Amino acid sequence: MTHPLRENLAVAVVDGVEWIHCGKCEYRFCRADQDWRRFGKVRLLPPTKAGGLMSVLSGDYLLRQICCPSCAVLLDTDFVEEHPDDAGRA
Amino acid sequence: MAVNPIVSSVDPITFEILSHRLYQIAKEMGTALERVGGTVNTTQMHDYMASLYLANGDVLSAGDSMGWHVACAGFAVKRIIERFENSSGINPDDIFLLNDPYLAAIHQSDVYMISPIHFRGKLMGWSATFVHVMDIGAMSPGGNSPGATEICHEGIRIPGIKLVDRGELRKDLFDAFINMTRQPVMVGLDLKCEIAANNVAKSRMQALFEQFGPELVTAVSQEMLHYSETILRKRIAEIPDGTWSDSGSIQAGDTWKVYVTLNKKDDRLFFDFTGSSPQAKKGINLPYHATFGACYEAILCTLAYDLPKNHGALKAIEVVAPPGTVVNPTPPAPVSLNTTSGGATVKFVANSAIMQMLATSEKWRGEVMALNAGHRLARHAGVNQHGKYYVSTLSEGALDGTGGRSYKDGDDTGRGLSCHNIEWLEANFPLLYLFRRNTKGGAGAGKFRGGTGGESALTVHDAPEGKIKGVALGVAGLRNSGQGMFGGYPGAPSLLMLTEGARVEETIAENNSPDQLAELGGTSKLLPYCEFDIGKNDVLYMRMSSGGGYGDPLEREPERVLNDVEAGIVSHEEAREIYGVVIDGAVPTLDVAATQKLRADLKRERLRA
Amino acid sequence: MNYVVGVDIGGTFTDCVVVDEEGRVTIGKSLSTPADFSQGAMNATADAAQNLGLGSADELLSATRLFFHACTIGDNTLITRAGAKTGLIMTQGFGDSLHMMRGKIAEGLTENEIAHRSALDKPKPFVPRKLVEEVPERIDYKGKELIRLNVEAAEQAIDRLVSKGVESIAVCFLWSIVNDAHEKLLAEILTRKYPKLFFTLSSEVAPYLGEYERAATTVFNAYIGPKISSYLQNLQSILKSKGLKREALIMQAYGGVLGIEATCKNAVGVIESGPAAGIVGTRFLGEHIGEKNILATDMGGTTFKVSVVRDGVIERDYKPVILRYSILSTKIWVESIGAGGGSIAWIDPETGLLKVGPRGAGASPGPVCYDLGGTEPTVSDADLVLGYLNETYFLGGRMKLNKAKTLNAIREKIAEPLKMSEVEAASGIYRIANSHMSDLIRKATVEKGHDPRNFVLFAFGGAAPVHASRYAAELGIRQVVIPLTASVHGATGLISSDVVYEYGKSDHVVVPVVPARVNENFAGLLQRALKDLNAAGFSETDIHASRSVDMRYRYQVHELNVPFTPGAAAITETDLEELCARFDEMYEKAFGQGSGYREAGKEILTFRLTANGLLKKPDIKAEPLHESNGARALKGEREVYFEEERKFVSTRVYDFTRMDPGVELFGPVIIETPVTTVVVNPRDRAVMDQYRNIRIHLGV
């Protein structure tokens with residue numbers, strides 16, 4: 001059975017196994033029972049990258065973006081609590 | 001083609017006619033509330049509930065009431081039946097009052113009136129209403145008390161009294177109730193409108209029994225519940241099974257977490273809030289029935305928007321919320337701030353889980369939209385320019401932007417409720433607005449952007465006491481104002497800011513419009529849940545939430561970005577950096593080639609380590 | 001000869017009604033001509049002239065005392081968005097007020113549309129945001145100037161709009177309703193810089209509180225104003241060239257007429273003026289037959305409309321919603337739903353339930369029975385199957401109905417899936433449609449605080465006389481009237497109109513109020529009224545002014561319009577006490593005993609003055625009544641289905657054109673007229689009255 005998972009991600013069965021793949025470039029992320037986010041390309045940015053009005057979040061949050069490692073289509077954008085390790089990577 | 005009708009015990013034509021009629025009666029109750037009602041909440045914000053029930057207290061028809069309230073109201077009637085059927089009895093033309101959040105209400109300000117409907121001496125059903133009264137005798141004016149640490153600080157709490165006894169209003173109880181509030185006249189008006197609405201329901205239902213016969217009306221009523229349940233279950237069954245989760249934070253000084261996991265199996269939905277924070281000594285806690293109602297509403301707005309709102313649709317849902325947590329508090333935890341804190345957060349995470357679920361279904365993904373966790377709001381109280389003491393709410397919250405959708409943008413300042421005209425506000429209250437407009441740069445970016453929220457600023461004007469009091473309420477979490485969906489960016493958070501000692505009078509005296517806050521100076525602070533004063537040269541700035549975007553902003557049609565720039569909603573800079581769209585010139589013009597190149601560059605940048 | 005002529009442009013037909021000095025009514029009809037509506041108007045006039053035995057329209061018009069006209073050009077211009085490119089100028093800091101719409105995204109939508117959250121959208125604005133300019137200025141609620149109008153900035157704003165090609169400008173400043181100096185100054189600048197540019201000031205077109213609604217009204221006026229002006233001026237010159245001596249009088253949405261110049265100044269007033277003409281006609285007919293409480297229902301192809309006359313006064317709407325925008329321009333109150341002869345019956349595939357509407361088959365292809373390609377069964381198709389309509393005599397025999405095709409469609413689409421007979425299916429469609437209409441009438445009357453049982457019901461439109469007795473009975477109404485002029489009631493309304501000017505002033509007053517303030521407000525309004533009516537050729541004796549206020553209990557949002565006792569005498573303490581008592585009484589009537597919380601106090605928000613320039617009404621001729629069983633009009637019998645019998649009953653069919661005043665018929669009976677079919681149910685009794693209206697007494 002094939003069905004969408006969300007915008008630009010889909011679930012499809014290949015050789016009897018359900019896989020999550022990119023809806024744009026078919027890049028295969030992981031098995032359907034795994035968290036696809038761990039297989040995406042993640043970057044952490046200062047909140048103001050989402051606009052000047054986000055400055056009130058600076059210091060507490062970071063803007064996390066997850067995109068397809070192959071075609072770079074953006075799959076998830078959210079604020080996550082700031083963490084020293086993550087901040088270093090941003 | 002033959003179809004298998006869902007309705008079997010009555011003919012489909014009678015069903016169509018009577019179900020429409022029952023819906024109309026519940027609506028007619030709402031009309032009575034709105035027209036007689038005293039408060040802004042009833043007449044403008046539609047913060048009320050009016051519905052009909054079966055004899056056992058199951059919701060039969062909820063008209064246009066909000067789903068959240070409909071679910072809670074289902075609990076209210078049952079609590080009254082339990083309390084009175086074996087004590088003072090349930091007699092024709094009785095009306096009961098209840099506002100205990102640990103029984104049914106969301107918080108004490110929601111005052112329920114519940115009335116049995118008899119026909120030829122037999123109890124046939126119930127009607128119930130609630131309105132959000134303007135004051136409930138709590139610590140703070142208006143019923144939302146930031147300082148409360150237990151429910152006894154939050155005003156009158158009544159588990160059930162017989163306010164109207166066999167058609168006779170018990171004036172002693174009525175006066176006792178309104179006497180405990182700061183606004184007895186207005187609260188009295190609210191109670192009266194509820195009585196009127198319940199009377200409408202009674203006479204209309206009795207006429208219906210007379211015309212169609214009580215057996216037929218009861219049979220159709222049963223079928224209506226069956227109908228909603230069957231269709232909803234069928235629709236749920238069509239969606240792939242799965243599990244989705246999300247979390248949210250309630251921020252009010254401290255931070256509390258709300259976790260939800262939604263499990264969809266066959267035709268059932270299980271919401272599990274296990275892991276959410278222990279209950280707070282601040283009124284952000286959401287009683288269980290309201291947590292349940294929030295989940296119900298998330299479904300009602302999407303999978304069941306076209307179904308009759310009744311008990312049947314409740315049956316496909318199960319909600320687990322551990323006792324002693326912010327989503328199922330136990331006494332004496334306070335609750336008065338919960339609609340915009342715990343409630344907004346629970347609604348937000350429940351909706352988020354539902355949206356993720358719907359996105360997996362080809363049939364239902366059109367219903368997906370980015371979510372909005374609500375806004376800050378402010379009450380104000382004091383002596384107005386006409387010399388009268390007042391308490392009121394600034395209804396700017398109607399100016400939230402809505403979230404982007406899978407096929408189109410969210411709406412700017414269009415939450416569906418209504419905000420007062422500035423002229424109405426300035427005529428009635430000692431206020432002067434400095435501006436009210438779309439927030440620039442607020443809309444969450446995306447393939448389909450969120451709607452931008454509104455922003456307003458005001459100061460006092462002609463206030464006999466030189467100042468008024470404000471109460472800062474609403475959703476205090478900055479993170480979740482409008483969350484982006486599937487790559488879409490979050491919208492700008494809602495906030496309240498007080499600037500003291502701003503150059504307002506001076507600017508006006510110089511014949512300049514004080515519409516740029518940055519130029520007015522003064523000292524500014526964000527307002528948490530608190531009380532505050534607005535005096536001369538103080539400015540209250542209110543920014544409503546903007547909707548989050550849907551999908552990757554680099555996939556947005558460049559012409560749409562150009563339109564947004566022309567309308568002042570997106571700046572040139574944001575167009576470049578977020579959308580990868582290059583717009584030049586005094587008359588904004590799209591540079592197609594530069595846009596293509598920039599978008600390719602931005603994508604490469606995303607993949608860079 | 002001294003004719004009175006009314007020409008009403010409708011969606012399909014343009015009607016003309018002419019009344020001569022003896023009260024004889026002559027009708028003319030022609031197809032409407034959307035490319036240039038004045039052509040259709042002249043064709044209908046020529047048709048009427050011909051029916052009168054006159055040689056030409058010129059001959060009729062040169063002998064015409066009064067020429068009335070109702071046009072749909074305002075509505076058409078808005079709906080097709082064919083108005084002027086319009087710019088909007090607002091107070092600095094408040095330029096988004098119109099687009100924000102106070103957040104009211106759902107206004108003007110149906111319940112189903114509102115419930116579908118993910119599909120909700122705001123309507124497309126009539127002024128794009130980039131054509132809104134903000135100008136520094138500010139006045140406070142008392143009318144005090146806080147910030148003076150920055151003339152230089154205003155000039156630049158106007159220049160920018162003109163450079164973007166605007167053809168019309170709307171101006172709406174905060175609090176211009178209490179101090180219009182800044183709007184007036186802006187008008188001066190506009191006139192000086194661009195003397196030919198059309199513009200509208202909010203303080204003139206909608207001097208009422210509420211900047212969003214006022215801006216919306218101002219924008220509508222600026223948007224349609226240029227088009228209305230050129231249409232009416234052109235029409236007037238045609239009429240003049242054909243011999244009409246006096247200025248044509250144009251129907252306003254509030255149910256009175258104004259001269260062409262006055263109409264052009266307040267173009268927004270013609271929006272939805274067509275239905276207004278109809279309800280004025282209803283009141284006129286009501287006066288003739290002694291009915292003061294009337295529910296006027298109009299069931300056409302796709303919409304069902306209800307409006308109310310109560311105590312001889314037409315119910316008005318002071319804040320109507322037009323194309324999803326709230327505006328502040330008084331109009332006759334009309335509630336409508338998508339239900340009509342063309343409403344499609346369908347089975348919800350998910351639930352197996354029979355539904356009727358809201359989708360309609362429209363004029364083309366129309367119902368299956370029209371045989372114009374329609375395949376979806378409609379309400380009219382059910383009417384045919386049940387024997388209410390005559391397959392060989394529809395629209396007076398001008399159209400043949402295809403019964404075989406209709407039966408097939410109902411069988412295939414409804415009866416078979418529901419496992420019922422065609423007749424059961426048709427009866428179901430008929431009952432559901434009637435029930436929805438009675439629910440709408442109920443909602444409409446209850447929201448206005450009326451009890452439908454206290455009204456007689458008028459049935460207008462082609463489909464209403466087939467259904468009216470049923471939806472009326474459901475509401476406990478005792479009498480249904482099918483007026484003789486049902487098919488041209490808009491034009492009939494026109495000729496019975498007065499010249500009516502409406503004036504209003506927002507003034508927020510908490511009761512008790514000193515009479516001086518009230519009198520001062522009304523004096524200002526009256527002065528304007530006399531000036532306007534004098535200019536329109538009325539002397540003081542022909543002027544009737546009525547005063548009222550919009551009032552409410554304090555802290556309430558909903559208002560009631562409460563009239564003062566008629567007359568122009570100064571208002572006294574006693575009058576004000578009476579006014580308050582009247583408000584309490586009206587309030588209890590509207591919302592039930594005990595609902596009014598008098599302790600809350602009362603407040604007045606708006607002072608209103610309606611000034612009628614009285615016109616001599618045509619006198620419709622009453623005929624003598626002769627008791628009769630109508631044998632002369634009996635056409636024959638046919639099988640007709642009636643619910644209470646649950647079967648087809650052999651039913652007498654009468655020819656309306658051969659019935660005489662005084663004829664009394666006992667149901668079940670069918671009366672066929674050249675434009676519609678009247679169904680008289682078993683146990684009901686129909687009488688033709690002295691004006692040839694059919695009066696059906698229910699359950700007698």
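## Crossed helices and three chains

α13(C) and α14(C) sit roughly perpendicular to each other, because angles from 65 to 115 degrees count as such. Their packing angle in this predicted model is about 80 degrees, and the axes lie 9 Å apart.

Which residues of α13(C) and α14(C) meet? On the α13(C) side they are L407(C), I410(C), R411(C), I414(C) and A415(C), and on the α14(C) side E422(C), E424(C), A425(C) and A426(C). Sorted by class, the residues of this contact come out as six nonpolar, three charged and no polar.

**More on α14(C)**

Let's stay with α14(C) for a moment. At 1.5 Å a residue, its 26 residues should span 38 Å, and the end C-alpha atoms are 37 Å apart, which agrees. Is α14(C) largely enclosed or largely open? It is largely enclosed by the rest of the structure, since 22 of its 26 residues are buried. Just after α14(C) comes G449(C), with a positive phi of about 80 degrees.

**Where chain C meets chain B**

There are two pairs of chains in contact, and chains B and C are the pair that shares the most contacts. Chains A and C, on the other hand, do not touch: their nearest C-alpha atoms are 16 Å apart.

In the pairing of B with C, 71 residues of chain C are in contact with 75 residues of chain B. Several elements of chain C supply at least two residues each to the side that touches chain B: the helices α4 (97-100), α5 (111-115), α9 (211-241) and α14, plus the strands β8 (145-147), β22 (354-360) and β25 (499-510). Which element gives the most to that side? That would be α14(C), with ten residues.

By class, the side of chain C that touches chain B has 28 nonpolar, 20 polar and 23 charged residues.

**Chains A and B as folds**

Chain A has one helix and seven strands.

Chain B has 13 helices and 22 strands. Here the radius of gyration is 25 Å, close to the 25 Å that the globule rule gives for 609 residues, so chain B is as compact as a globular protein of that length.

The table puts some numbers for the two chains together.

| Chain | C-alpha box along the principal axes | Buried residues |
|---|---|---|
| Chain A | roughly 50 × 25 × 20 Å | 34% of the 90 residues |
| Chain B | roughly 80 × 70 × 45 Å | 65% of the 609 residues |

Sequence separation of contacts is another angle on the folds. Among contacts in chain A between residues at least 6 apart in sequence, 31% join residues at least 24 apart. In chain B, residues 24 or more positions apart account for 73% of the contacts with a separation of 6 or more.

Two cis peptide bonds are worth a look. One joins P331(B) and P332(B), with omega at about 10 degrees. P332(B) belongs to the loop between β11 (317-320) and α8 (342-358) of chain B. Another joins G667(C) and P668(C), where omega is about 5 degrees. P668(C) lies in the loop between β31 (664-666) and β32 (669-672) of chain C.

Then there are non-glycine residues with positive phi. T413(B) has a phi of about 35 degrees, and its place is the loop between β13 (389-393) and α9 (422-428) of chain B. Is T413(B) buried or exposed? It counts as buried, because it has 31 C-beta neighbours inside 10 Å and the cut-off is 20 or more.

R81(C) has a phi near 50 degrees, again positive without being a glycine. Its loop runs between α3 (73-79) and β5 (86-91) of chain C. R81(C) is exposed, because 10 other C-beta atoms lie within 10 Å and exposed residues have 12 or fewer.

Note on methods:
Residues numbered from 1 in each chain as written. Chains lettered and ligands numbered in written order. Predicted model: local features only at pLDDT ≥ 70, side-chain atom pairs only at ≥ 80, totals over all residues. Contact = placed C-beta atoms within 7 Å. Helix = DSSP H or I, 4+ residues; strand = E, 2+ residues; numbered from the N terminus. Axes fitted to C-alpha atoms, helices over the stretch in contact; angles between N-to-C directions. Parallel < 35°, antiparallel > 145°, perpendicular 65-115°, else oblique. Nonpolar A, V, L, I, M, F, W, Y, C, P; charged D, E, K, R; others polar. Rg over C-alpha atoms; globule rule 2.2 N^0.38 Å. Expected span 1.5 Å × (residues − 1).
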